[in-house]
Amino acid sequence: MNLPGGPLSGRLAAWWNGMPPRVRTGLVIVGCLVALSLVIPLLSPYDPQRGTGTDPLSPPSVPHLLGTDHLGRDVFVRTFVAARLDLLLAAVGVSLPLVVGTLVGSTIGSTRSRLVQYLGEVAIEGINAFPTLIVVIALIAAFGPGANSILVALFLTAWARYAKVARGRALTIRDIGYLHVARGLGYRWPRILAVHVAPNVFPTTISYAVSDFVIVILAIAGLSFLGAGVQPPTPEWGAMMSEGRLYLAQAWWLALAPGILLSITAVAVSLIASGRTEDAFTQSAR
Amino acid sequence: MIQKLRQRSLRALLVAWGVSLTAFAVVRLVPGDPVLTLLGDQATPEAVAQLRRALHLEGPLPEQYLAFLTDILRGDLGASIVTRQPVLTTIGQTLPVTLWLTGLGIATAIAIALPLGVLGGATASATYLRAFRVVSSVVIAFPVFVSGLVLLLVVGVQLRWLPVAGYAAFPDNLRYLALPALAMGLPNGMIFARILQQSVRETSREEFVEAGIVWGLPRRELVLNYLVRPSLAPTIGLMGYVVGASLASAVILETVFNLPGVGTFLVRGVLARDYPVVQGTLFVFGIIVVAVHFVADTVAAWIDPRVGSPL
């Protein structure tokens, strides 16, 4: 095994081997999901939006691996087309608040203005006091159902979670020498924030973003399940489950196929996220 | 103690005020004119004026907020645009369902967490801890509406042990609530178990536990009073968060199991753009969360006086 500093492949191998098994498991599962969601819609002979000519609600069989839905559409291809949408929406839903929340939190944590510190804290704690799903539902009442509304509503609540993490991290570096030096040199605020504070905060918030991905993808699917998000006939896991729920007694695969894929995604991503705390945890156990 | 209590009450009041602001903000965030969105541009001026008054949309913003707040404090949450029923009446009918569900869900979570937490905190087996860590990660990440649907399918539809939809008065309601409460309690139980396990482990290193062993206290007494009781504070402090999360999952689980609770009422209100309903249910949800946070913090401080005071 090559140590860090060797050829790229060696460093990659070292990185891979250095990770706890559950993180590797999670990464493999997510990688497979992404690959399948890209490949299966290309290879499948069926249109995800149109009936295939097979009877509606047929059980899983060889031509239709996960059966057909109430309109005779192929559930297998729809589930994987939906995977693209859900993963994409969740990625967008995580990255916008990640960037904004980190910058806001870094500002609040490293500023010397008491007013900014106080107002920032009140805003962050105030938003975080509510259960995310309930606030997001309320915002959707204002914006109307749809994928865009969900992303905006999620953004309006999620930035505060990142800001809280970022603020905590920024506070720990606020009084380190180089910030004093940067201030003493008369650098302007944006430069101090961008060059000296944010690069030290992003690793922390990015690692938080992995666990936040689970919250976000479950919120997107959950809201669509309630009818407040992505609308049928667009293939999306929550919307498919909502349609399939009505046929649970006759055709359980309609609701469970997207549900199980969603669960696998959520579990795999949270396995990746749980790797961070693993070492401290098992050490304290010994 | 009294001073801490005053501080906590003050913070609770502040957050409650934030709740009212949030509920107030919802209608104001509607792009364009919410009244015209609801009534269309063919509406009569009288209908427009009436709805505008009902939604507190007359006059400048501070005046609107004052009118909104006085009505709420008087217990008047307005009337549903769709059914014309007073929102408070419908909340009064639906809230018991949600509270039953959330209460049973929390009870399930505690029943799962206590044995797992004590076992995990006392064991020295690294294999058990690693297994618990993986299993609990899986259970916590598992979406409640998927586990709810699976339970519904297996226990309700296939085995026919429990009804799949509907509701009845106590004690019959337990048959309708068992599955959603289980779906709600599993992930929260695992969260509780993790925290409890950690704090039992920390407590077990304390000198008073060692002293208890040296004194030769009976095992039961040692475990309950020396190990579990001092370890409960972090778990109870987390109760506020868990109740909030449970109410959020109640919103989804009520739809999965067709329960006539506040969550179903809220979702219907959202989809129909029934703003008084959304405002009212949001306010009530928020106040419940604030109250539970307050009680949980106070109880945590009472159980373990070290909480919130410098050692």
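**Group meeting: chains A and B, and what holds the pieces together**

Hi everyone, let's start with the interface: 47 residues of chain B are in contact with 46 residues of chain A. Before I go on, please keep in mind that this is a predicted model.

How much area do chain B and chain A bury between them? The value comes out at about 4000 Å², and 76% of it is on carbon and sulfur atoms. On the chain B side, the residues that lose the most area to chain A are Arg133(B), Phe145(B) and Leu149(B), which together make up 15% of what that side buries.

Polar contacts do turn up, though: three residue pairs across the interface, with both residues at pLDDT 80 or more.

Which helices of chain B each supply at least two residues of the side that touches chain A? They are helix 1 (2-28), helix 6 (126-141), helix 7 (144-158), helix 8 (173-204), helix 12 (239-256), helix 13 (262-271) and helix 14 (275-303). Sorted by class, that side of chain B has 33 nonpolar, nine polar and five charged residues.

The chain is divided into domain 1, covering 31-76, and domain 2, covering 90-303. Taken over C-alpha atoms, the centres of these two domains of chain B are separated by 38 Å. Six residues from domain 1 of chain B and five residues from domain 2 of chain B take part in their contact.

Domain 1 and domain 2 of chain B bury about 530 Å² between them, with 80% of it on carbon and sulfur atoms. Three residues supply 61% of what domain 1 of chain B buries here, more than any other three: Leu38(B), Leu55(B) and Ile72(B).

On the domain 1 side of chain B, helix 2 (34-39) and helix 4 (61-73) each supply at least two of the residues that touch domain 2. Helix 2 of chain B gives the largest share, three residues. By class, this side of domain 1 of chain B divides into five nonpolar, one polar and no charged residues.

So where do the salt bridges come in? Over all chains, a search of the whole structure finds 10 of them. Let me show you some in chain A.

One joins Glu121(A) and Arg167(A), at 3.1 Å from N to O. Glu121(A) lies in helix 4 (residues 114-128) of chain A and Arg167(A) in helix 6 (residues 147-173) of chain A, so this pair ties together parts 46 residues apart in sequence. Another is formed by Lys164(A) and Glu125(A), whose closest N and O atoms are 3.3 Å apart. Because Lys164(A) lies in helix 6 of chain A and Glu125(A) in helix 4 of chain A, the pair ties together parts 39 residues apart in sequence.

How accessible are these residues? Glu121(A) is partly exposed at 35% relative accessibility, Glu125(A) is partly exposed at 37%, and Lys164(A) is partly exposed at 42%.

Arg50(A) and Asp47(A) also meet in a salt bridge, at 3.7 Å from N to O. Here Arg50(A) is exposed, with a relative accessible area of 58%, whereas Asp47(A) is partly exposed at 31%.

Finally, a network of salt bridges links Asp69(A), Arg73(A), Arg78(A) and Glu243(A).

Terms used: Residues numbered from 1 in each chain as written. Chains lettered and ligands numbered in written order. Predicted model: local features only at pLDDT ≥ 70, side-chain atom pairs only at ≥ 80, totals over all residues. Heavy atoms only, no water. Contact = heavy atoms within 4.5 Å. Buried area = accessible area lost by both parts, 1.4 Å probe. Polar contact = N/O pair within 3.5 Å; in protein donor to acceptor, adjacent residues only side chain to side chain. Helix = DSSP H or I, 4+ residues; strand = E, 2+ residues; numbered from the N terminus. Nonpolar A, V, L, I, M, F, W, Y, C, P; charged D, E, K, R; others polar. Domains from an automatic or database assignment. Salt bridge = Lys/Arg side-chain N within 4 Å of Asp/Glu carboxyl O. Buried < 20%, exposed > 50% of the residue type's maximum accessible area, 1.4 Å probe, protein only.
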